[in-house]
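Here are a few friendly notes to read alongside the model. Please keep the 3D view open as you go through the points.

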Amino acid sequence: MYDIFEKLKTLNTKPSVTGTPEFLVVGLGNPEPKYDTTRHNAGFMAIDRIAQKTGCKVDQLKFKSLYGMCEIEGKKVMLMKPSTYMNNSGEAVREASQFYKIGSEHIIVIFDDISLDVGKMRIRRKGSDGGHNGIKSIIYLTGSDQYPRIKIGVGKKPHPDYDLAAWVLGHFSDEDMKNLSPVLDNSFEAVKEIVKGNIDRAMNLFN
């Protein structure tokens, strides 16, 4: 029986991807476990789903982040979860992109968006920070806003006076988690299209 389980483990283990990544896929969030299912960690949740689907382990510590290497559509891709906390996300992105000489058009950033309902996703080729502190840090420290981004809807504040920090650091409800799951799947499909050079197709499919 032991031999059977060992063989199954071998079959389910994909060979590790090595070498220089061509793309950097960054999910934004905060690193402590208490933030795991908060709205601000939608980007981390997307990276976890992509890692699950590619058989990648995001468990290596470097570039002020946890990262893992995988292959998507024949391209070497680094999946990254910055460990700097949201407001300093650009430190991790700058270090990794400079080390591997990855241009901004090959940096895909996935993050939460309060202007979109839960269950919605929006892809953009480039753009401003839109008031998002993680994106603001990346633009400031990399000196570019020319990177594709995938915005995951987390819903707007219940009323205008509600504290924004309290809202984004609040946890998804069980119902929201159900609605979020297909979006996390679609974030992987969107990354596949972007990596293939089909960002217009990705926008047509998922926006």
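1. Let's begin with alanine 42, which counts as buried because its relative accessibility is 0%. Here buried means under 20% relative accessible area, exposed means over 50%, and partly exposed is in between (1.4 Å probe, protein chains only).

2. A word on the model itself: it is predicted, so local features need pLDDT of at least 70 and side-chain atom pairs count only at pLDDT 80 or more, while totals for chains, interfaces and linings use all residues. Residues are numbered from 1 along each chain as its sequence is written, and side-chain values use heavy atoms, with hydrogens and water left out.

3. Back to alanine 42, which sits in helix α2 (residues 42-54). Helices (H or I, at least four residues) and strands (E, at least two) are DSSP runs, numbered from the N terminus. Leaving aside residues up to four places away in sequence, alanine 42 touches Asp112, Ile152, Val154 and Leu184; a contact means heavy atoms within 4.5 Å. Leucine 180 is 138 residues away along the chain, yet its C-alpha atom is 8.8 Å from that of alanine 42.

4. Next, find aspartate 113 in strand β5 (residues 107-113). Aspartate 113 counts as buried because its relative accessibility is 12%. With residues up to four places away in sequence not counted, its contacts are Lys151, Ile152, Gly153, Val154 and Gly155.

5. Finally, look at the loop between α4 (133-142) and β7 (149-153), where you will find serine 144. Serine 144 is buried, at 15% relative accessible area. Among the residues that serine 144 touches, beyond four places away in sequence, is Ser104.
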